[in-house]
Amino acid sequence: MGRLAACVLAVLCACGDDAQSTPDGGVTTEGCAYEPLTATANAGGTVSSAPLMAGAAERILDIPVGTALGGYTGRAGFLSSAGKVDTRKVETSGTFNPSIGVQAAPRVKALALTTGPETVVIVKLDAIFAYEGMLFDLEQRLGPTFAGKVMISTSHSHSAWSQFTGHAPLKLGSGQLRDIVYKRFLDACEQTAKEALAARVPAKLGWFATNNFDPQNLIERDRRGDNDMLPGGKGKDPNMHLLRIDTAAGVPLAVVPIFGGHPTLNDQDNAFATADSVGALERVLAEQFDTKVVVMQLQAAGGDVSASGHGGLDCNVKPGKPNDPCYSWTSEEGHGRAAVPELMAAWNTAGNSMLESVEMEMLTRSIETGPFHDNFTIRDGALSYAPFDLTRLPDRIVMEGGALKSPIDEYNAPVGAGLCEKGEPMFPAAAIPGTEGVLPYGSCLQLDKAAEVLGPIFKFDFGITETKPVCETTRTTISALRIGEYLIGTMPGELTVLLAARVRELSPVPSKTIVVGYAQGHVGYLLRPEDWVLGGYEPSVSFGGPLEAEMIAERLATLLPLAMTPMREDGTTDGTTRVATATIVDNLPKDEPAMMRGTVPATVPSLVYSRVGTPAQAQPAATIPRIAGIATFTWIGDDPLTKTPKVTLQRETTTAGVFQDVTRKSGRTVEDMEVVLAYTPSPLQRSGPQTHFWVAEWQAVPWVGLVGGDALNERGNVPLGNYRFHVEGSGWTLDSSPFTVVAGGAVLNQPMRTAGSVKVVLSWHAPKGWRLMDMSARSNQPVPVRNQQVTVDLLTAADLVVGSSQPTSDAVGSVTINDNAAATKVRVTDRFGNSVTAPLP
């Protein structure tokens, strides 16, 4: 069903003026609303080295819970129950199943760089893709000096907030545009960019580059086997770059790793917003520093490369009830931990040659894509489409003499096509005539005909006809950014390894060129023609056929040299207009102020959802054992459309009754990732005002960035003491009752007593936990306490110690000690004071 979403990616309605027409089936862009790009700021001057100023900022995206998560069409309610936990209906999400909470909150981050007259802002969003309307709206909000100087790069998390795009086909993988969501995204981008600009200080930068990144596939791996026979097709992109920004005084300010990896560690069944692998990597890497260094990974060739997860849960072991959820959040943290050693080594190397003055220039251009066949001609005319004409049948010859035959007449789609994956179509009535059995053209669906079927199902008004393309498919955006000797080019979609290599080949500085994908816009997957015709999933999510991606790459290749000249050019020259930003009126019902907000219910209704089931009581249990213990707090709060509550973990200080926020090594507060937030409206389906229940839960294991306790072999060392949850709503605050974290979480297997010795295996066990316990073992099964000193006591029935030793456990958590015949039980204590006692056989 994800492929169905891809197909529909290009089924939009058109609007406006700036009309054109060609013989391509009578198709015209008349009715599309286009706007001119503002000329590039600072054009006309010269580029010279100047002192660097830099600032960085970050913030959590405050998006209403209930908003659909982007990336999986399987979350559409009529297709499956993916992510559903009850019968709730949330108007915000429309035909998609609503999100139900937040795990690792999606964020927006910004890096502002200034050299001389040039200032650029790089924004990184935890989102499924970039929307060009947001890019240009952000430029306008920042002011005329930022025309062509803003880059929006996205993480591509398949569990981040969506419903922010006006690109109607993309809504089939992300839900209907909501004005409140779009404005919250745009507001957050603006605020974060302005904070980064305001934070600029004298700075210096250094680069690291390698073409042998992660050779053991611990961080990323190849995910497309269909192209293994092509030169360079078998394997992932070995290139990785890292930009290090420090203050001039040497204080770390920002770290920008650039490499590709699909953030799909969570599948469509996850209904909690999370930044997935990218967010976890950033979080873990940020906690290697003792200040708030902004870490922002930019995606490169991630289209056919997947993030490698580590850890995970045993989803066949579901204690308590058969339908306990099994989310993959542990593997996110495992991914981040696996990446830290190589990235920190890169960061250190980048510090060997830091520059306080650099040349910098950025240019942005809008280019034409569809719908006309001659827009797609590439390789100096060697590859092209035949004019689109549905009365003509193709010759059915894809390859000739070992090369693609040109002109290509199989891709005969006047307004575009999708689902080009295999030989037979999903809907024969929408197939391109004469392509049956021709890979991958046989499964292509003409977008206008597919829209007739999919529009009513998804309840979207696409407005496409056989002569009217999706307006957003007629334009896209590219940018070039020079920083010193390095040159960054952006590609608007899911950049694949072979196409990234082609962009570098076309660059004026191939060895110093960095290609960033998922940036400035989105047209789907970006493959070279020889890769596209092999079929498989990736080409099914593209809408301009086999030539579109390389055509965009060639247009980028004309922009890249301009950034390397000593002149400051206008990037809009030789470009075109852009599609106007879409608008919508929400008319969503909202309870403001919500009933009983900021209060704790006397009892928790059975309909209230949390990951571990409806809490037995609103307040946390009085004592919470380490590792396996989970504290939960239930309260009545705001309507999500008003505010998503901010929940922080607090710990009692040495002054009785005084609590303060728990902080990480970097100084950041513990407010998500470790604290999971779930939401339930009552009643589940609105018939009038609703009561809005929220549940926070925290597992008693060390938080990422706990000083002196962050290693996985220290999972039993969360600080003991009194804690509470602190909640901030819209104009109100609330604290839970305190709870005391006590020792616990240790378990023993059945002790073995043989030949004068006792053998035991000590483990930590969190059967309902969601935090990573081990890089290889399943975190909800017993995890051996490996290679650690433990205390073993042999006890009599009266608890008298008749033997004691402090051996070191082996690689499976096993220890063996001398027996005492008087002993009837054994007690094992880990180095953090967590004890467990078991009878001896």
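**Exercise 1.** Leaving aside its neighbours within four places in sequence, which residues is V278 in contact with?

*Solution.* Start with the ground rules. This is a predicted model, where local features need pLDDT of at least 70, side-chain atom pairs count only at pLDDT 80 or more, and totals for chains, interfaces and linings use all residues. Residues are numbered from 1 along each chain as its sequence is written, and side-chain values use heavy atoms, with hydrogens and water left out.

Step 1. Helices are DSSP runs of H or I with at least four residues, strands are runs of E with at least two, and both are numbered from the N terminus.

Step 2. List the partners. With those neighbours set aside, V278 is in contact with K124, S155, P263, Q297 and Q299. Contact means heavy atoms within 4.5 Å.

Step 3. Check burial. V278 counts as buried because its relative accessibility is 1%. Buried means under 20% relative accessible area, exposed over 50%, and partly exposed in between (1.4 Å probe, protein chains only).

**Exercise 2.** Describe how α2 and α3 pack.

*Solution.* Step 1. Take the geometry. Helix α2 (residues 132–142) meets helix α3 (residues 179–198) at an angle of about 45 degrees, and their axes are 10 Å apart. That angle makes α2 oblique to α3. Angles under 35 degrees count as roughly parallel, over 145 as roughly antiparallel, 65 to 115 as roughly perpendicular, and the rest as oblique.

Step 1. Name the contact residues. From α2 come G133, M134, D137, L138, R141 and L142. From α3 come Y182, F185, L186, D187, C189, E190, A193 and K194.

Step 2. Sort them. The contact of α2 with α3 holds 8 nonpolar, 1 polar and 5 charged residues. Here Ala, Val, Leu, Ile, Met, Phe, Trp, Tyr, Cys and Pro count as nonpolar, Asp, Glu, Lys and Arg as charged, and the others, Gly among them, as polar.

**Exercise 3.** How many of the residues of α2 are buried, and what do they pack against?

*Solution.* Step 1. Count: 9 of the 11 residues of α2 are buried, and the helix is mostly covered.

Step 1. Name them: E132, G133, M134, L135, F136, D137, L138, E139 and L142.

Step 2. Find their partners. The buried residues of α2 pack against β5 (118–125), β6 (150–154), α3, β20 (475–483) and β25 (578–579).

Step 3. Look past the end. G143 follows α2, and its phi is positive, near 115 degrees.

Terms used: Axes are lines fitted to C-alpha atoms, for helices over the stretch in contact, and angles run from 0 to 180 degrees between N-to-C directions.
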